[in-house]
Each structure stands twice: as C-alpha cells, then as structure tokens.
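Please keep the sequence and the 3D view at hand as you read.

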Amino acid sequence: MRMAVLTSGGDAPGMNAGLRAVVRAGLDRGFDVVGIRRGYAGIFDDGFEPMDRRSIVNIVQRGGTVLGTSRCPRLRTDAGLAEAVQILRRQRIDAMVLIGGDGTFRGGAALEAAGGPATVGVPGTIDNDVPGSETSLGFDTAVNTAVEAIDRIRDTATSHEVLHFVEVMGRHCGAIALAAAVAGGAEAVLVPEAELSDRTLAARIDAEMRAGKRSVIVVLSEGAREGSAEQVAANVAGVLGLEHRLTVLGHIQRGGSPSAADRILGALFGLEAVDAVAEGARGCYIGQRSGAIVRIPYGELDGPPVGLDQRLVRAAHLIS
Ligand code: F6P
C-alpha cells in the first residue's frame with residue numbers, strides 16, 4: 001500500500017498532530033507513506049515527498065501544517081482533475097488521507113469519481129463546519145484563543161465602560177463565535193445562523209447596562225452580516241449613543257500551539273483514517289458523533305448545513 005497524505009484549505013492547529021498520527025500509523029502497518037506538499041497544488045508541482053518517522057519529529061505541539069497548504073482552483077476543473085489522476089497513477093498512489101475541511105473532501109470525492117485513488121478525510125478546520133461531525137481539528141484551539149482575547153478586552157472594557165465588539169472567524173458558521181461568547185461571558189453574540197437586528201441588539205445591551213453592567217462585549221461572527229463589522233458596531237453604538245471599539249481577531253485564531261484536546265483529536269482521527277485505508281474504505285471522512293469516532297460517507301457533505309449547538313444557544317441567551 002502506497003498511501004499519500006496532504007493538508008489542504010485553511011490551516012488549523014492540530015493538523016500536525018493529525019499528520020503525525022497518520023504517518024506513524026501508516027508506517028506501523030508497513031505502508032509506503034508519501035507527503036504531498038502545499039495541498040492539492042503539490043500534486044501538480046511535484047510536491048511528493050517520502051515520509052518516515054523523522055519527517056514528523058517534534059511537530060505535535062506546532063501550529064500550522066509542516067506539509068504546507070493551499071486552496072487549489074485547478075482541481076475544480078475537469079482538465080485539472082484528469083491531470084491529477086494521471087499524476088497520482090504515475091506516483092503509484094493507492095490511497096490518500098486528506099486533512100482539511102468540506103472543500104478538501106469534495107476534492108477527494110471528485111478525484112475518486114474521475115478514477116483516482118481511494119480517499120479518506122480528516123476534518124481539520126477552525127470553523128467546525130464539517131457536516132455530521134461534532135468537532136474538527138483546530139476548533140478548540142481557535143475558541144481558546146478567542147476567549148483569551150475576550151478576557152483581555154474585558155479588563156479594559158470594565159475600566160473604561162466602553163462598548164466593545166470582537167469579530168471572530170468562522171466563514172458562514174457561527175460555532176467559534178457562540179462557543180467563545182459562552183466561555184468569555186459575552187453579553188451578546190451575532191451569528192450567521194440567527195437573525196438579530198441592530199435595534200434588538202441595542203435594546204438588549206441597553207437592558208444589560210440599566211441592570212448595572214459596567215462592561216459590554218458583543219462577539220460578532222465574520223459571516224453574521226452583509227456589511228462590515230465596523231458598520232454593525234457603529235450602528236448599534238449609534239442607537240445607544242455610546243462610544244465603541246472593534247477588535248478583529250483575524251488570523252491570530254488560526255495560529256498557535258494546538259490545545260491538548262486538538263492534539264488528542266488529531267491522534268484519534270489520524271489512527272481511524274489509517275484503519276479505514278487499511279480496510280479498503282473510500283469516499284468517507286472521519287468524524288465525531290456523541291463522542292465516538294465514526295466514518296461518514298462523502299454524501300453527507302450535501303446534507304443540511306451544520307446547525308449550532310442548541311444547548312450553547314440557550315446558554316448564551318440565558319447567562320450573559
Ligand atoms: O476556513 C478557515 C478560515 O480561517 C475562515 O474562518 C476564514 O473565513 C477563512 O479561512 C480565511 O481565509 P484566508 O486565510 O484565505 O483569508
């Protein structure tokens with residue numbers, strides 16, 4: 001068995017832990033393990049590199065991905081797919097482990113459909129938006145990073161009594177915002193999955209302040225509104241007649257050493273992915289359901305979008 005592994009899409013803390021588990025477990029089974037640098041782009045630009053135990057030494061604690069990553073529009077064309085399949089055949093790749101998000105897995109499905117090798121996905125994205133899986137590599141670390149930032153902002157917000165907005169990542173998914181809001185004790189959270197008008201938000205903040213709050217922090221998911229975060233913040237603060245500040249956390253959330261939870265998840269997802277490859281599985285990704293590590297068919301990528309954890313929605317509403 002010649003098994004390739006790549007990381008693709010936005011990097012996420014814990015990808016290295018997943019990669020390490022995949023390489024170690026693959027070598028343990030006697031596979032030839034090949035890393036592909038720079039995600040799918042590495043298929044086209046000779047990114048193939050044999051992996052041995054030394055390739056993955058001292059990486060479990062490192063953020064980013066030592067293999068590098070990219071978003072690869074070329075794989076979305078018929079010509080690109082056909083060329084990728086030819087190259088993978090020439091490289092004698094029997095199976096691939098794909099560490100990334102839903103776009104990465106769709107790439108795997110397209111490769112299989114075009115006659116490419118078997119593929120098995122490992123969810124790696126801070127957004128936690130992979131359908132059917134409760135969590136993904138990088139989410140826990142990103143939430144912890146956001147919470148640390150919110151805690152720091154709380155100190156200055158309490159001292160100056162200024163209204164603060166903190167924008168977090170997540171693309172079209174409010175999972176980071178919701179978890180960070182609950183853990184950071186934010187007074188309000190704006191997510192793409194739920195309507196909340198500026199006026200309603202302003203009324204809620206007003207009520208908090210009348211009830212004696214000295215600091216108010218609103219967590220804003222980047223995909224929550226059409227307009228910019230600054231527009232939202234200025235509108236709401238304008239309704240209330242308050243001074244405001246906006247902090248955009250941005251790529252800070254993507255970097256840093258992975259949390260213990262993400263390292264452990266990387267180990268478990270990676271081992272399961274190699275078990276799946278060894279058993280001849282294809283067209284699926286690994287996920288977590290009710291705490292169990294499971295295999296999910298690619299077909300579920302087209303299912304309903306990932307909803308928010310309703311327990312957290314309730315918590316954010318009730319105990320802010
Ligand atoms: O998918 C991960 C993510 O960090 C999203 O949260 C964000 O919208 C996007 O990637 C940013 O992508 P880029 O680094 O290409 O700007």
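Predicted model: local features only at pLDDT ≥ 70, side-chain atom pairs only at ≥ 80, totals over all residues.

Residues are numbered from 1 along each chain as its sequence is written, and side-chain values use heavy atoms, leaving out hydrogens and water.

Helices (H or I, at least four residues) and strands (E, at least two) are DSSP runs, numbered from the N terminus. The expected span of a helix is 1.5 Å times one less than its number of residues.

| Helix | Residues | End-to-end C-alpha distance | Glycine after it, with phi |
|---|---|---|---|
| H7 | 198-210 | 18 Å | Gly212, near 105 degrees |
| H9 | 260-278 | 27 Å | Gly280, about 85 degrees |

Which residues of H7 are buried (under 20% relative accessible area, with a 1.4 Å probe and protein chains only)? They are Asp198, Leu201, Ala202, Ile205 and Glu208. These cover an arc (of directions from the helix axis to the C-beta atoms) of only 120 degrees, which puts them on the same side of H7. The face turned away from that side carries Arg199 and Arg210, both exposed (over 50%).

Now for the cores: a nonpolar core is a set of buried Ala, Val, Leu, Ile, Met, Phe, Trp, Tyr and Cys residues joined through side-chain atoms within 4.5 Å. In the largest one, with 58 residues, Leu19 and Val97 touch the most other members. Helix H5 (residues 139-160) gives the most to this core, eight residues.
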